[in-house]
Amino acid sequence: MPLKAPETAPTASIAFDRLLIIMDDLRANCPWDKKQTLESLRHLTIEETYELSDAILGGDMPEIKKEIGDIMLHLVFYAKIASETNDFTITDVLNSVCDKLINRHPHIYGDIEVQNEEDVKRNWEQIKLKEGNKSVLGGVPSSLPALVKASRIQEKARGVGFDWEEKSQVWAKVEEEMQEFKNEFNAEDESTIDHERAEAEFGDLLFSLINYARFININPENALEKTNKKFIKRFQYLELKAQENGKQLHDMSLAEMDVFWDEAKKL
């Protein structure tokens, strides 16, 4: 049977051992847990990560704690599966990350001196190249959502000094890309618009805006998600008010909808 909650507060190591024992029990005795593979867990882990992200954006500490636990379970599960094929164990995983952290923090565990956060980031990328990475950008997962990927690409390029010097230069680039995008849609005859080229220019514009956000310490993913949530809240208010007035949105004029939308903005 799985271990019951201890009567006294456990240390971190005792709590972690308890999780490992429960994982062993589940893997041996639960039909669902016995069936899982690395591949079958993958999409569930992605879902749990997004749930943690939602909890963080919502500032919900109890939910954050819960979601961290769920992700911790998944990590232990992966290690358990790998141990069954003699590939690695949870001990190997923990020792590996400890060794990596020590190696990549020579300003803490060695004789390297740093002045600020940027020095730390530059050292980190240089060490990764020495470890065998062929490119500074090699560590950016190809499956990342495009918005997040753009941010990571720019951060890594900055880590080796490839970056603008002033935010005014970045904003000038934003305006340049905006004009190039507008130029693609200036044709009076829409049939003459090169949509493939326009798409490329729109991508350049987004990339430059993400770059500017980085310069003013705004996380573009967080910013866009907060706007998504704000829009959802206001639109659902619009739907509610329309229903209360016995109307369907598709039968209302934009002016009528705007009345409720403006009310939602004041909430």
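**View 1. Leu44 in helix α3.** Leu44 lies in helix α3; helices here are DSSP runs of H or I with at least four residues, strands are E runs of at least two, and both are numbered from the N terminus. This is a predicted model: local features need pLDDT of at least 70, side-chain atom pairs count only at pLDDT 80 or more, and totals for chains, interfaces and linings use all residues. Residues are numbered from 1 along each chain as its sequence is written, and side-chain values use heavy atoms, with hydrogens and water left out. Leu44 is partly exposed, with a relative accessible area of 24%. Buried means under 20% relative accessible area, exposed means over 50%, and partly exposed lies in between (1.4 Å probe, protein chains only). Not counting residues up to four places away in sequence, Leu44 touches Trp32 and His74; contact means heavy atoms within 4.5 Å. Phe202 is 158 residues from Leu44 along the chain, and their C-alpha atoms are separated by 33 Å.

View 2. Thr45 is found in helix α3, residues 38-58. Is Thr45 buried or exposed? Thr45 counts as buried, at 14% relative accessibility. Its side chain makes a polar contact with the side chain of Tyr78, at 2.5 Å. A polar contact is a pair of N or O atoms within 3.5 Å; within protein, one must be able to donate a hydrogen and the other to accept it, and residues adjacent in sequence count only if both atoms are side-chain atoms. Neighbours within four places in sequence aside, Thr45 is in contact with His74 and Tyr78.

**View 3. The annotated span.** The unreviewed UniProt entry annotates residues 36-108 as "domain: NTP pyrophosphohydrolase MazG-like". UniProt positions follow the numbering used here, feature names are shortened, and annotations may be inferred rather than shown by experiment. The span is 85% helix and 0% strand, and its end C-alpha atoms lie 40 Å apart.

**View 4. Trp171 and Tyr212.** The structure holds four aromatic pairs. Rings of Phe, Tyr and Trp (its six-membered ring) pair if their centres lie within 6.5 Å; planes under 30 degrees apart count as stacked, over 60 as edge-to-face and the rest as tilted. The Trp171 and Tyr212 rings have centres 5.0 Å apart and planes at 55 degrees, so this pair is tilted. Trp171 lies in helix α9 (residues 167-183) and Tyr212 in helix α10 (residues 195-215), so the pair ties together parts that are 41 residues apart in sequence. Trp171 counts as partly exposed at 37% relative accessibility. Tyr212 counts as buried at 19%.

**View 5. Phe231 and Phe235.** These two residues form a stacked aromatic pair, 5.9 Å centre to centre with 15 degrees between the planes. Both sit in helix α11 (residues 220-244), four residues apart, so about one helical turn separates them. Phe231 counts as partly exposed at 45% relative accessibility, and Phe235 counts as partly exposed at 30%. Phe231, Phe235 and Trp261 form one aromatic cluster.

**View 6. The largest nonpolar core.** Its seven residues are Leu238, Ala242, Leu249, Met252, Met257, Phe260 and Trp261. A nonpolar core is a set of buried Ala, Val, Leu, Ile, Met, Phe, Trp, Tyr and Cys residues joined through side-chain atoms within 4.5 Å. Helices α11 and α12 (254-265) are the elements that give two or more residues to this core. The most come from α12, with three residues. Trp261 touches Phe231, Arg234, Phe235 and Leu238, not counting residues up to four places away in sequence.
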